[in-house]
Amino acid sequence: MIAEVFAQATEALQFSFIQRALLAGSLVAVSCALLGVFLVLRRFSMIGDGLGHVSFGAIGLALMLGLHPVYASIPVVLLGSLWIMRLAGRSGVQGDAAIGLTSAMGVATGMMLAGIGGGFNVDLFSYLFGNILVISATEVWLSLVLTVVVLLAVVLFYHDLFVIAFEEDSAQVLGVAADRVNTLLVLCTALTVVLSIRIVGILLVSSLIIMPGVAALRVASGFRSTLLLAVVFSLFSVWIGILVSYLLDLPTGATIVFVNFFFFLGALLVGRLGARG
Amino acid sequence: MPMNLIEVSGLSVNQGGTEILKGLDFVVAPGDFLALVGPNGSGKSTLLKCLLGLIPFSAGEVRLFGQSPQDFTEHRRLGYLPQVAGGNAQGFPATVREIVASGRLPLKRFPKKLDAGDWAAVENILARLDIGHLAGRKIDRLSGGQRQRVFLARAMVAEAELLFLDEPTSALDPGTRRSFYEMLRDINRQQGRSIVMVTHDSGSIGEYATTLLYIDHTQIFFGSFSEFCHSPAMTAYFGSHAQHLMCRQHGGACQ
């Protein structure tokens with residue numbers, strides 16, 4: 001039985017679409033996990049969900065105008081992320097409310113455009129639920145560029161991100177330009193969300209951002225180990241999710257989310273045992 | 001004559017149409033230990049944040065080391081312990097060592113990187129504040145009193161000249177509070193660091209601080225503790241009996 005599964009998995013790895021899926025999935029998994037830890041600690045993790053919904057509107061517009069949905073989404077979601085930040089900052093709207101408001105407008109725009117364009121079509125649904133197995137070589141390259149940008153941002157601004165995640169007032173007194181670092185964080189998040197949509201879909205995109213970080217926070221003993229562990233959880237979730245979904249003919253995005261959730265449950269258990277011991 | 005660290009004249013702060021502070025005038029000179037006292041909601045923390053440039057003011061002038069707080073660049077000269085220090089501490093995955101080390105960031109340029117000297121400074125300040133044994137513990141596993149010391153360590157680790165402490169003893173029992181004050185007095189008198197501290201402990205702070213600023217949206221009193229005990233403004237504000245009781249608690253400060 002095990003040998004048979006192993007043989008099927010090995011066979012799956014020969015297919016170029018599986019290779020592309022694993023590569024793009026791994027790259028996006030790293031970005032999501034790193035950004036997710038900071039967003040979860042800032043109580044801003046639902047921004048992934050909100051920006052996913054903004055991209056729904058953008059994809060609706062792109063499909064109606066005959067543009068490439070991913071490329072058309074990038075500027076719209078970048079603007080959406082800055083809009084959320086501005087609402088939650090200077091305009092004084094609570095962070096979760098700013099995300100909810102923007103999210104609703106994104107979905108409403110998508111529905112409106114789909115209605116004008118003659119109803120929902122298959123393409124729009126494929127973005128709602130994701131389809132990592134049809135990812136293109138260009139999207140793999142985009143994911144690589146994104147991951148390099150996110151890794152550089154985290155390495156170069158590690159200490160700034162750390163103190164801002166802990167407490168923004170103190171960060172400013174420590175000479176950290178909190179506004180600029182926050183802008184960098186949400187712009188990286190916006191790009192990550194757009195590229196994650198192909199993997200798990202708009203409806204589940206926030207799970208890639210939230211779950212690895214939350215799981216790592218249960219068991220890690222320091223800040224660097226939290227980031228590292230989140231990346232490990234995220235990578236294994238994507239790898240296992242893609243292979244299991246292929247072998248059992250399940251929806252890939254949902255399978256990845258389930259694996260992520262099992263990691264979270266395991267971390268919860270280990271964390272509780274650790275607290276007792 | 002050395003330059004004042006803080007100069008405030010005619011300071012008013014207005015938030016959402018409400019005047020939180022009005023017409024404050026005071027200075028903090030090198031070596032001062034200023035106790036900032038007043039009832040709940042009187043604007044003490046607002047004043048501290050305003051001095052640090054975290055919130056804008058609506059009128060008057062503030063100079064911090066001769067600079068405007070909004071354009072302040074010499075963060076290495078400041079240490080800050082906020083009122084709810086580490087408001088995000090619950091569930092935060094950092095160790096005490098990591099938190100304290102972040103106090104060295106004002107000494108760094110982009111890309112900020114901590115070196116062996118920084119980590120040695122962290123161990124040194126932890127030992128001085130008698131919390132070296134907590135270095136590897138996660139911040140959310142500490143008691144309130146231990147956390148206060150950790151955040152004081154972060155405020156002090158860059159050897160800042162001026163410390164802003166917002167109710168640093170709120171989580172301490174009376175015995176620990178006394179030893180905490182004694183530690184602050186050493187920092188002030190032996191190491192020559194200046195301190196601005198928000199406190200509700202107007203009774204015993206007179207033994208440790210050098211000057212007092214009493215505010216209740218407006219400035220009620222600014223001066224030394226001996227002046228405070230004979231201040232007509234304070235008598236008018238408190239009544240003579242309450243003022244007498246407070247001055248007795250100050251011990252030698254009012255003699």
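Predicted model: local features only at pLDDT ≥ 70, side-chain atom pairs only at ≥ 80, totals over all residues.
**Stop 1: helices 3 and 11 of chain A**

Select residues 47-65 of chain A, which form helix 3, together with residues 205-219, which form helix 11. The two axes come within 8 Å and cross at roughly 165 degrees. Because angles over 145 degrees count as roughly antiparallel, helix 3 of chain A is described as roughly antiparallel to helix 11 of chain A. The crossing of this pair is right-handed.

Next, display the side chains at the contact. Helix 3 of chain A contributes A:Gly48, A:Asp49 and A:Gly52, while helix 11 of chain A contributes A:Val205, A:Ser206 and A:Ile209. By class, these residues comprise 2 nonpolar, 3 polar and 1 charged.

**Stop 2: helices 2 and 12 of chain A**

Move to helix 2 of chain A, residues 16-41, and helix 12 of chain A, residues 223-248. Their axes come within 8 Å, with a crossing angle of roughly 145 degrees. Helix 2 of chain A passes helix 12 of chain A in a right-handed crossing. Which classes of residue make up the contact of helix 2 of chain A with helix 12 of chain A? The contact holds 20 nonpolar and 4 polar residues, and no charged residues.

**Stop 3**

Select A:Leu146, located in helix 7 of chain A, which spans residues 137-156. Is A:Leu146 buried or exposed? With a relative accessible area of 4%, A:Leu146 is buried.

Show the contacts of A:Leu146, leaving aside neighbours within four places in sequence: these are A:Ser31, A:Cys188, A:Leu191, A:Thr192 and A:Leu195. For a distance reference, pick the C-alpha atoms of A:Leu146 and A:Gly80; they are 18 Å apart in space, and the two residues are 66 apart in sequence.

**Stop 4: cysteines in chains A and B**

From the contacts of A:Leu146, continue to A:Cys188. This cysteine is buried, its relative accessible area being 5%. Over all chains, the structure holds 0 disulfides.

Switch to chain B and select B:Cys50. Its relative accessibility is 0%, so B:Cys50 counts as buried.

**Stop 5: a cis peptide bond in chain B**

Remain in chain B and select B:Phe110 and B:Pro111. The peptide bond from B:Phe110 to B:Pro111 is cis, and its omega is near -10 degrees. B:Pro111 is placed in the loop between helix 2 (96-101) and helix 3 (116-128) of chain B.

**Stop 6: positive phi angles**

Two residues conclude the tour. Select B:His217, in the loop between strand 8 (211-216) and strand 9 (218-224) of chain B. The phi of B:His217 is near 70 degrees, a positive value in a residue other than glycine. B:His217 counts as partly exposed, at 31% relative accessibility.

Return to chain A and select A:Asp249, in the loop between helix 12 and helix 13 (252-276) of chain A. A:Asp249 is likewise a residue other than glycine with a positive phi, here near 55 degrees. At 70% relative accessibility, A:Asp249 is classed as exposed.

Conventions: Residues numbered from 1 in each chain as written. Chains lettered and ligands numbered in written order. Heavy atoms only, no water. Axes fitted to C-alpha atoms, helices over the stretch in contact; angles between N-to-C directions. Helix = DSSP H or I, 4+ residues; strand = E, 2+ residues; numbered from the N terminus. Parallel < 35°, antiparallel > 145°, perpendicular 65-115°, else oblique. Left-handed = near helix turned anticlockwise from the far one by under 90°. Contact = heavy atoms within 4.5 Å. Nonpolar A, V, L, I, M, F, W, Y, C, P; charged D, E, K, R; others polar. Disulfide = S-S within 2.5 Å. Buried < 20%, exposed > 50% of the residue type's maximum accessible area, 1.4 Å probe, protein only.
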